[in-house]
Amino acid sequence: MEALVAAVIAVMTSCGVYLMLRARTFPVILGITLLSYAVNLFIFVMGRLTSANPAVIGSGATYPDPLPQALVLTAIVIGFAMTAFVLVLALRARAELGNDHVDGNDQMSINKYLNDDHHANKKGEGRSL
Amino acid sequence: MTLLLVILLPLMGVALPLLTERLGRNRCAIAAALAPLAVLGLLIHHLPAVLNGNILYFHLSWLPALGLDFSLRLDGLGMMFGLLISGIGLLVILYARYYLSDDDSLGKLYAVLQLFMMAMLGIVTADNILLLIVFWELTSLSSFLLIGFWSYRSDARKGARMALSITGAGGLCLLGGALLLGHIVGSFNMGDILAAGDVIREHTLYPVALLLVLLGAFTKSAQFPFHFWLPHAMAAPTPVSAYLHSATMVKAGVFLLARLYPALAETEMWFLIVTSVGLVTLVFAAYTAMMKHDLKGLLAYSTISHLGLVTLLLGLGTKMAATAAVFHVINHAIFKASLFMAAGIIDHETGTRDMRKINGLWKYMPHTALLAMVAAASMAGVPLLNGFLSKEMFFNETLHLRSYGFLNWLVPIMATVAGIFAVAYSWRFIHDVFFNGEPIDLPKYPPHEPPRYMKVPVEILVVLCLLVGMMPNLTVAPLINAASAVVVGGELKEYEISLWHGFNLPLLMSFAALAGGLLLYSQRKGLFAFYDRGFQLDEKMLFEARVQRGVRGSRWLTDTLENGALQRYVMLLVVAALVAGTAGLWPLASLTGPLPLTPVDGVSVLAAVILAVGALGTVLVHHNRLAALLLLSVVGLIVALVFVRFSAPDLALTQLSVEVVTIVLMMLALYFLPQLTPNESPPWRVSRDIALASGAGIGVGLITWAVLTRPYNTIADYFLANSVSGGGGTNVVNVILVDFRGFDTLGEITVLAIAAVGIFAMLQNLNLPLPGADGSGRQWARDPYPPILAVLARILLPLALLVSAYIFLRGHNLPGGGFIAGLITSVALILQYVSSGVVWMQQRMGWNYRSMATLGVVIAALTGLGSFVWGYPFLTSSFTHVHWPVVGDFELATAMIFDLGVYITVVGATLLILAQLGMLTQPGRMQTRPVEEEA
């Protein structure tokens with residue numbers, strides 16, 4: 001089971017890191033999310049793998065380590081707040097810079113997307129009118 | 001307590017001139033003078049006690065764990081410096097009132113001046129060596145502001161920067177030295193350190209500590225080769241120069257030597273370093289002073305030279321030399337302050353400080369001339385003036401060197417040479433400025449006497465020169481006794497300062513200096529020519545070149561590392577993590593630890609496969625963003641199952657509800673973003689990234705494997721043992737969150753609330769075009785909200801709220817709690833938003849989620865504060881069991897109120913984020929719908 005858990009965390013880390021190295025904001029955010037899953041799992045299994053009963057007093061003879069669980073619980077919630085923040089940052093960047101490149105200064109994509117937007121808006125207007 | 005006022009008054013005085021500046025210059029000056037006047041009065045009030053050898057103490061514990069206490073002491077040495085600092089400070093305030101033009105802010109100058117005064121008073125009264133360093137650094141910082149007061153001038157900025165770099169670097173050395181002293185003695189208390197002189201001197205770290213302390217003192221007191229910042233600090237307004245370079249800033253270094261004298265002095269190392277540095281500074285600066293054509297430049301180098309004299313005296317290590325040093329500190333402060341002020345008057349009235357232009361001013365300003373001449377004569381060491389007395393003692397002490405070989409005769413000879421130069425430059429100050437023909441090309445002509453009160457400070461100081469010079473025993477002798485008794489550690493042999501010791505060698509040296517100086521001055525033309533031909537180091541150019549090189553270097557490094565490409569930063573981050581991780585794993589003999597492995601079951605393998613497929617699928621289809629998002633949600637759900645599998649129900653519940661919220665949020669955001677990611681990465685980048693990502697994944701996998709197969713020690717036993725007795729709950733995870741580590745949780749919900757408010761701010765005035773179609777050009781559906789979903793969601797809402805209430809209430813004892821309940825409530829409400837729209841929800845639930853998030857944090861914080869009321873530390877919880885009918889035995893804990901705060905914060909923050917983002921879609925929908933209806 002240990003090898004399985006290690007492999008699962010490894011796969012999630014790899015996929016997360018690969019996506020974080022992409023040039024557009026949305027894949028990067030997907031990557032951050034994947035990586036945070038991996039990190040949460042990693043911290044969680046630092047309390048070792050136990051599958052007897054939850055860390056509730058009286059539920060069994062031995063208990064899993066409650067400390068990593070408590071740490072990961074808040075980490076999940078904070079991770080959500082961070083993902084939301086980065087996501088909105090990406091929206092804002094897209095609005096201010098006209099493209100969704102992570103550096104915001106990708107000239108090729110600016111041109112392309114300006115055209116696309118123009119195109120899309122025109123199409124939208126055409127239909128609604 | 002009155003001792004604390006010595007520091008507090010100037011600190012409070014900082015505000016006064018700023019507040020009164022609008023009321024006119026006179027009132028501003030009076031307001032600025034209040035604090036120094038009060039300090040002076042306080043010091044004089046304590047003077048009799050201190051003169052009798054008493055030491056006043058004040059103690060306030062500050063950071064006892066670091067050995068840093070706010071403790072003050074007022075002994076003879078501190079008293080002497082304190083009187084100089086506050087007294088001359090007072091005169092400078094009066095002088096600056098007339099010196100500063102209307103264009104400059106008088107209030108600002110006074111404010112910084114008092115800040116500086118506070119720091120200086122702190123240095124001389126600190127009874128804790130770390131506290132002394134705090135004040136020491138404050139003088140560096142406030143002097144930076146003072147020297148750069150005319151911040152629009154390039155030379156002022158450069159001079160200030162140079163002073164700050166040199167004295168700041170010295171301050172760091174001093175900190176090192178102080179820490180070493182504290183380490184050797186075992187205490188940072190000044191009294192302990194001074195009493196442990198023998199221990200310090202015999203310690204193996206003594207040479208290091210001594211060198212570091214001396215570096216601090218020498219940089220501050222502008223000793224060779226760190227002297228060069230002082231002449232460039234002359235770019236300051238003259239009142240500042242008069243204050244910094246007579247009584248205060250540069251004297252801090254000398255004070256430090258005197259203060260630590262009992263702890264560090266009287267070793268061969270001390271003698272050799274301090275004496276030779278003092279000697280070189282004394283002679284070199286006296287020679288340079290003679291060659292400066294700038295009035296303030298002359299005074300600057302003469303200041304350096306006199307500081308060298310005091311340093312040399314302290315280095316000699318005899319008790320009389322220390323007395324002479326203390327005496328000369330007073331004398332130099334008095335005559336140098338008056339000379340700087342006189343130079344300022346001349347500058348003020350003629351518009352220049354170039355002595356080649358300023359000549360024959362005696363005719364135009366005889367009163368000022370007389371004052372300056374007396375002060376300059378004192379600087380030269382003319383009999384009947386105070387400068388003569390301490391210089392006489394100095395000459396006498398140089399003759400009493402024993403057992404240091406050639407230094408025995410070199411020191412007195414060099415002292416006489418420096419004396420000759422001192423007479424020459426003093427005489428030049430008198431002759432070149434007030435006589436020597438007519439003025440040449442003065443910017444302001446004709447010069448005339450300054451305003452009456454501008455001369456008052458100079459007059460007071462010159463009268464002091466005369467009084468001390470003629471009646472030393474009636475004026476300063478008791479103070480010198482008290483101060484030097486502190487320096488040498490109490491046992492001062494009987495001596496008397498007298499005007500006349502008979503015809504002896506020191507007197508001969510004095511007269512040789514006088515005659516030689518006059519002779520030297522008469523040959524000045526040749527000397528200047530020789531100086532101009534000779535090698536001259538422009539320290540400012542050198543220093544600036546170094547600074548520029550440093551700036552260029554760091555800019556190059558920054559530009560190289562930081563080129564604005566996020567992909568590159570992430571790449572560097574991953575590479576760095578790989579390197580650090582490899583370096584950490586390398587020493588491991590075996591990756592696999594001794595623990596036996598747990599068995600694998602089929603369901604787990606299946607889940608792992610699904611998870612891996614989901615993750616890899618997310619990557620493979622990431623160009624189609626919606627598909628990638630859906631696959632990502634699969635991963636999230638399996639992660640929740642992993643938590644279930646390894647007995648963490650709390651985590652599973654949290655992960656599940658967060659997953660829902662996250663995916664909804666991302667879908668919402670995706671609406672505004674391009675639906676497709678262009679295929680733009682070149683193949684080399686793709687392969688590089690695959691390599692990096694695989695490396696990172698394999699590394700993390702190996703670490704996980706290595707950890708999981710090894711046993712470990714946990715602190716969890718404490719939580720498990722005390723959860724019921726200490727926290728009143730059986731669900732240890734929840735008890736840790738709301739009780740044991742409640743402070744962390746408070747921090748975390750604060751972060752959550754801040755993130756939500758940040759998102760709210762970022763979404764203000766956000767102008768995103770509403771896309772009409774998805775990535776492949778298909779129109780977005782314009783159907784109204786699905787009615788079946790809406791009805792079902794409405795029926796579900798009360799049920800969901802009931803569940804979340806149940807989860808919340810049982811959280812202390814069974815899996816659940818504020819975080820999870822908050823998320824469930826959020827999901828239930830978000831479902832309403834999804835099924836019925838923002839407008840529909842707003843009509844029914846116009847809550848202000850911002851206030852809600854804040855309220856949650858406030859409730860949690862108040863719960864924590866509540867324990868103060870009962871005298872317990874922050875966030876101590878208390879609990880009791882009550883028996884409710886029907887429900888049964890029920891536990892009430894204050895932790896529950898805290899958890900309620902968590903709950904409210906989570907609901908407020910989550911809904912704030914989602915509702916705000918959802919609102920963005922609204923204007924478009926509201927616009928398009930009527931249009932459709934019309935069509």
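Helices (H or I, at least four residues) and strands (E, at least two) are DSSP runs, numbered from the N terminus. The structure is a predicted model, in which local features need pLDDT of at least 70 and side-chain atom pairs count only at pLDDT 80 or more, while totals for chains, interfaces and linings use all residues. Residues are numbered from 1 along each chain as its sequence is written, chains are lettered from A and ligands numbered from 1 in the order in which they are written, and side-chain values use heavy atoms, with hydrogens and water left out.

Chain B contains 40 helices and four strands. Of its 935 residues, 55% count as buried, where buried means under 20% relative accessible area, exposed over 50%, and partly exposed in between (1.4 Å probe, protein chains only). Contact means heavy atoms within 4.5 Å. Among the contacts in chain B with a separation of 6 or more, 79% come from residues 24 or more positions apart.

Two residues illustrate these terms. Ser143(B) lies in helix H6 (residues 129-147) of chain B. Because its relative accessible area is 1%, Ser143(B) is buried. Leaving aside residues up to four places away in sequence, Ser143(B) touches Phe116(B), Leu244(B) and Met249(B). Ser498(B), by contrast, is found in the loop between helix H23 (477-488) and helix H24 (505-522) of chain B. Ser498(B) has 22% relative accessibility and therefore counts as partly exposed. Its C-alpha atom is separated by 8.6 Å from that of Met471(B), 27 residues apart along the chain.

The next topic is a pair of helices. The axes of helix H32 (residues 716-727) and helix H33 (residues 732-740) of chain B come within 10 Å and cross at roughly 70°. Consequently H32(B) is roughly perpendicular to H33(B), a term for angles of 65 to 115 degrees. The contact involves Tyr718(B), Phe719(B), Leu720(B), Asn722(B), Ser723(B), Gly726(B) and Gly727(B) of H32(B), together with Val732(B), Val735(B), Ile736(B), Asp739(B) and Phe740(B) of H33(B). These residues divide into seven nonpolar, four polar and one charged.

Finally, chain A meets chain B. In this interface, 80 residues of chain A are in contact with 116 residues of chain B. The area buried between the two chains is about 9000 Å², of which carbon and sulfur atoms give 77%; buried area is the accessible area (1.4 Å probe) that two parts lose on being put together, summed over both. Met1(A), Arg48(A) and Phe80(A) supply 9% of the area that chain A buries against chain B, more than any other three residues.

Key: Axes fitted to C-alpha atoms, helices over the stretch in contact; angles between N-to-C directions. Parallel < 35°, antiparallel > 145°, perpendicular 65-115°, else oblique. Nonpolar A, V, L, I, M, F, W, Y, C, P; charged D, E, K, R; others polar.
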